[in-house]
Amino acid sequence: METVTYSLYGDSADSHTYYEDAAAFTEEVMNKMSEEDGIEEFSRYMADRNLKPMGAEIYKLELLMIGVLWRVYGNNEFNLDSFGKLIGWLQASGEFEQESQRMTIWYDFLKGKPRREVEHRLSKAMKLANWFDKRSEETIGRYTLHVNSFIDGNRESLKGKGKLIFCMRERIEYHLNMVGAEIMNRVFRSAFLETKEKRVFLPICMRLKSNEACRAVPMEQGLVCRDCSNDCQVNTITKMGKEQGYKVLIIPHASTAFGQGHMAEGEVGIIGVACVLNLISGGYKAKELGYEPQCVLLNYAGCIKHWHKTGIVTSLALERLQNLLQFDPTVSQSDQTFTS
């Protein structure tokens, strides 16, 4: 299989080792941040202002996210003014809507602090990002070895096409999203299992057939598979959904995945399947709209819009999806229940 930017296969025959490595590295990151000062204070800040709580593990992820995005897109001045300018640039780029919203809350939190305390906390976030950059390449870097060559080979051709910033994201941003996906899946797991309805959102790049040949039909939120190819993984997952009692939708674009309206909280759990760079933003967006999210990574990138001139049919680790859904091959739809 051609590797465009990342591949969860690494040098293995499947993605099983990736998920073990990502889980182990996530534990290392969380242990390193176990005594991070300011998390409890930020939690109280959220509660005092009646802002929707996310939990300490998500707040730790956000501190790491601040450091990583500052490292990639910011300057060397760790003060509130520079932080505000970074947030403004991220908002203007059009690629970091959810991340910049979360960082704005941190900006407001820091705004009431003494200057030296602000500089100390922001510089600590940068030091954390510097450690993360080196350590992530040592632990999960073998899954992103082609990112730099893709950037070097496509920088000029992507200019003026509205996707330069997204496609030129650095390896550390891939690693941040890999760890972020692990953290979000853990934190949001219980709420997902308690929802009444489960949905799986699959990207259109997973279809085996072309747009013209595929018989999927449009519905309100996406396309529904109509069983035109037994070799298509979308068809396999759709059949699983019919047997087990969850809905499967093909999503033409990440921006349309959640529709326009809000869900009643706790009603609908979703598993979003996406390439690495959409994972953190997708998790935040789902929570914002009332969904209880989980995610499965595409094994590799291949969509024609961003990564490949003719497109590569993508895939996921089916066992990973089944585990998140607590799939039981002996249970029919009428008998199926989801328990925690």
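Trainee: Buried means under 20% relative accessible area, exposed means over 50%, and partly exposed is what lies in between, so which of these is Glu-197?

Mentor: Keeping in mind that this is a predicted model, Glu-197 has a relative accessible area of 29%, so the residue counts as partly exposed.

Trainee: And what does Glu-197 form a salt bridge with?

Mentor: The partner of Glu-197 is Arg-199, and the closest N and O atoms of the two are 2.7 Å apart. Arg-199 has a relative accessible area of 7%, which means that this residue is buried.

Trainee: Why would two such side chains pair up at all?

Mentor: As a general point, side chains of opposite charge can pair when their charged atoms come close.

Trainee: OK, how many salt bridges are there in the whole structure?

Mentor: A search through the whole structure gives 26 salt bridges. One of the pairs is Glu-28 with Arg-135, where the closest N and O atoms are 2.7 Å apart. Glu-28 belongs to helix H1 (residues 16-32) and Arg-135 to helix H6 (residues 115-139), so this pair ties together parts that are 107 residues apart in sequence.

Trainee: What about a salt bridge within one helix, say the one of Lys-85 and Asp-81 in H4?

Mentor: Lys-85 and Asp-81 lie four residues apart in helix H4 (residues 80-93), which is about one turn of the helix, and their closest N and O atoms are 3.3 Å apart. Lys-85 has 55% relative accessibility and therefore counts as exposed.

Trainee: Which residues are linked in a network of salt bridges?

Mentor: Such a network links Glu-27, Glu-182, Arg-186 and Arg-320.

Trainee: Switching to rings, how many aromatic pairs does the count come to?

Mentor: The count comes to 20 aromatic pairs. Among them are Tyr-9 and Tyr-300, whose ring centres are 6.0 Å apart and whose planes stand at 55 degrees, so this pair is tilted. The two tyrosines link distant parts of the chain, since Tyr-9 is in the segment before H1 and Tyr-300 is in the loop between strand S6 (292-297) and helix H12 (318-324), 291 residues apart.

Trainee: How much relative accessible area do Phe-42 and Phe-109 have?

Mentor: Phe-42 has 0% and is buried, and Phe-109, at 5%, counts as buried as well.

Trainee: Last one: where does the charged end of Lys-32 sit?

Mentor: The charged end of Lys-32 sits over the ring of Trp-131, 4.9 Å from the ring's centre. Likewise, the charged end of Lys-198 sits over the ring of Phe-192, 5.4 Å from the centre of that ring.

Note on methods
Residues numbered from 1 in each chain as written. Predicted model: local features only at pLDDT ≥ 70, side-chain atom pairs only at ≥ 80, totals over all residues. Heavy atoms only, no water. Salt bridge = Lys/Arg side-chain N within 4 Å of Asp/Glu carboxyl O. Buried < 20%, exposed > 50% of the residue type's maximum accessible area, 1.4 Å probe, protein only. Phe/Tyr/Trp six-rings, centres within 6.5 Å; stacked < 30°, edge-to-face > 60°. Lys NZ or Arg CZ within 6 Å of the ring centre and 35° of its normal.
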